[in-house]
Structure formats: C-alpha cells, structure tokens
2 protein chains.
Amino acid sequence: MFPKLDPLLHSELRLAVMSILVGVDEADFTYLKKQTGATSGNLSVQIDKLMAAGYITVEKGFKGKMPRTTCKITAAGQEAFEGYVKALKEYIS
Amino acid sequence: MFPKLDPLLHSELRLAVMSILVGVDEADFTYLKKQTGATSGNLSVQIDKLMAAGYITVEKGFKGKMPRTTCKITAAGQEAFEGYVKALKEYIS
DNA sequence: TAGTATAGTTTATATCATAAACTTGTTTAT
DNA sequence: ATAAACAAGTTTATGATATAAACTATACTA
C-alpha cells in the first residue's frame with residue numbers, strides 16, 4: 001500500500017538541494033547554502049551523500065582565486081526525484 | 001524559501017500512520033501494522049511519539065479477551081498533517 | 001498441558017542529521 | 001608587513017531516529 005520512500009531523498013536538506021537542482025542547469029555551494037539556509041557543514045555532508053549515490057555531480061574549481069564547488073543533477077538523480085515525488089503522493093493524497 | 005518540515009511527520013512510518021488516520025474515524029494497532037507493514041516494535045514507538053505530540057489519541061481496551069489499542073487523529077494532528085503537506089509541496093513542485 | 005499465536009512493550013544498536021570546531025586560503029585594515 | 005576578519009568548505013562530535021531483537025502477558029489449540 002505505502003511505497004518505500006528513498007531514504008536518500010527523504011531528508012529535509014537533501015530534498016531541498018535536489019529540488020533546487022532539478023530546476024536549474026547547475027548551482028554552486030554558496031548558492032545552495034543561501035537558498036536552503038543550511039550550515040556549511042551540513043550542506044557539505046549531504047552533497048557528498050547525493051554524489052556518492054550518483055544523484056548529482058560535483059566539480060571543484062575556482063572563481064577567481066576562491067574555491068568554487070558546482071553541483072549538477074544527473075539523469076539518475078532526476079529519475080530518483082521523480083520516483084520519490086510519486087511515492088510521496090501516495091502518503092499525502 | 002523552503003519551509004521547515006515538521007520532524008514528527010517527516011518519518012516514513014509516522015507519516016503512513018497519520019495518512020491512514022486522516023482518512024478514517026479510528027484504527028487499531030493491528031490494522032495499522034498490516035497496512036504499513038511495520039514491525040510491532042517500531043509501530044509501538046512511533047504511536048507513542050504521535051501521542052506525546054498530541055497528534056493522536058490512544059485508547060487501550062479489549063476486543064473480547066484480547067487487548068486492543070485504538071488510535072484516532074486529533075484536531076491538532078489534522079492541522080499538523082495539512083501543514084506538513086502544504087510545506088512539502090514547496091519542495092516537490 | 002505443552003506449544004503456538006496474538007498483541008503488544010522494552011531495550012539495544014546502528015544510522016542519520018546537524019552543529020560545532022577546524023582548515024586553508026583571501027581580502028581588508030593598521 | 002602583519003594582524004584581523006571573511007570565504008568556502010571539511011572533519012569531527014553529539015544527540016536524535018528508526019529499526020530490529022528480545023521480552024511479557026495472555027489466549028487459543030492439539
């Protein structure tokens with residue numbers, strides 16, 4: 001009756017990050033931090049997990065002299081997000 | 001931008017329980033267990049938490065000779081559930 | 001009356017989310 | 001030139017959570 005919710009997405013911050021990333025081409029660490037209101041530490045950890053799951057790609061570069069981490073959603077991430085939303089709707093409708 | 005998700009409801013099992021309870025007048029432990037597929041232990045703990053939060057009431061009685069625990073959603077629970085759903089939609093739409 | 005089933009509760013554990021502290025390097029003020 | 005403050009993260013520690021396993025108590029069944 002109730003489908004299993006992907007535990008990787010069933011996390012407030014990871015869900016917020018994915019929610020942002022599905023809507024844009026890419027987003028950097030600072031932007032994600034501002035939009036989500038998360039602490040750096042928390043964001044760092046959750047980005048790692050999404051990357052480890054293959055839901056996003058993470059590229060480290062520089063903007064001028066400052067480090068810059070850019071995140072992008074993958075096809076697998078898109079799919080997982082859609083699946084999560086679909087599953088969730090079974091709970092809330 | 002992203003509203004806070006009520007941590008009491010942002011739990012797969014508690015959400016499933018609440019999802020069932022919003023739709024019915026009342027439900028007993030056994031029914032909830034079958035519908036959710038949860039273990040007794042987990043269900044017992046999560047019901048306690050929902051009760052402690054005032055989201056449900058729990059009545060213990062007997063059906064014939066066997067113990068029977070009946071759960072019912074409260075007005076506060078209804079409200080919290082609706083609020084959660086509304087907040088969640090900001091993430092997934 | 002011995003064994004199995006029912007209806008849970010309690011306890012233990014492993015995982016998780018989060019915050020706090022730390023690192024590395026940059027910019028700004030003195 | 002040096003110290004203080006800021007930027008962009010990472011690592012570590014801690015407290016909460018979900019879950020499973022073990023347990024209790026009673027009821028039914030062979």
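Student: At about what angle to S2(A) does H3(A) run, and across which strands does H3(A) lie?

Tutor: This is a predicted model, in which local features need pLDDT of at least 70 and side-chain atom pairs count only at pLDDT 80 or more, while totals for chains, interfaces and linings use all residues. Residues are numbered from 1 along each chain as its sequence is written, with chains lettered from A and ligands numbered from 1 in the order in which they are written. Helices (H or I, at least four residues) and strands (E, at least two) are DSSP runs, numbered from the N terminus. Axes are lines fitted to C-alpha atoms, for helices over the stretch in contact (C-beta atoms, placed from the backbone, within 7 Å); angles run from 0 to 180 degrees between N-to-C directions. Here H3(A) lies across S2 and S3 of chain A, at about 125° to S2(A).

Student: What is the order of the strands in the sheet of chain A?

Tutor: Strands of a sheet pair through backbone hydrogen bonds, either parallel or antiparallel. Pairing here requires at least two DSSP bridges between two strands. In chain A, three strands form an open antiparallel sheet in the order S1-S3-S2. Strand S1 (27-28) and strand S2 (56-63) of chain A each have a single partner strand and stand at the edges, so one side of each lacks a neighbour in the sheet. S2(A) and S3(A) (residues 66-73) are joined by eight bridges; one of the paired residues is Ile56(A), whose bridge partner in S3(A) is Ile73(A).

Student: Which residues are closest to DNA strand C?

Tutor: A residue is near a strand if its C-beta atom, placed from the backbone, lies within 6 Å of it. DNA strand C is surrounded by 23 residues, the closest being Ser11(A), Gly41(A), Gly41(B), Ser44(B) and Thr69(B). For DNA strand D there are 24, of which Phe29(A), Gly41(A), Ser44(A), Ser11(B) and Gly41(B) come nearest.

Student: How many residues of each chain are in contact between chains A and B?

Tutor: The contact joins 14 residues of chain B to 14 residues of chain A. On chain B, helix H1 (12-23), H2 and helix H4 (75-92) each supply at least two residues of the side that touches chain A.

Student: Is Leu50(B) buried or exposed?

Tutor: A residue is buried with 20 or more other C-beta atoms within 10 Å of its own, exposed with 12 or fewer, and partly exposed in between, C-beta atoms being placed from the backbone. Leu50(B), in helix H3 of chain B, is buried because 25 other C-beta atoms lie within 10 Å.

Definitions and conventions:
Contact = placed C-beta atoms within 7 Å.
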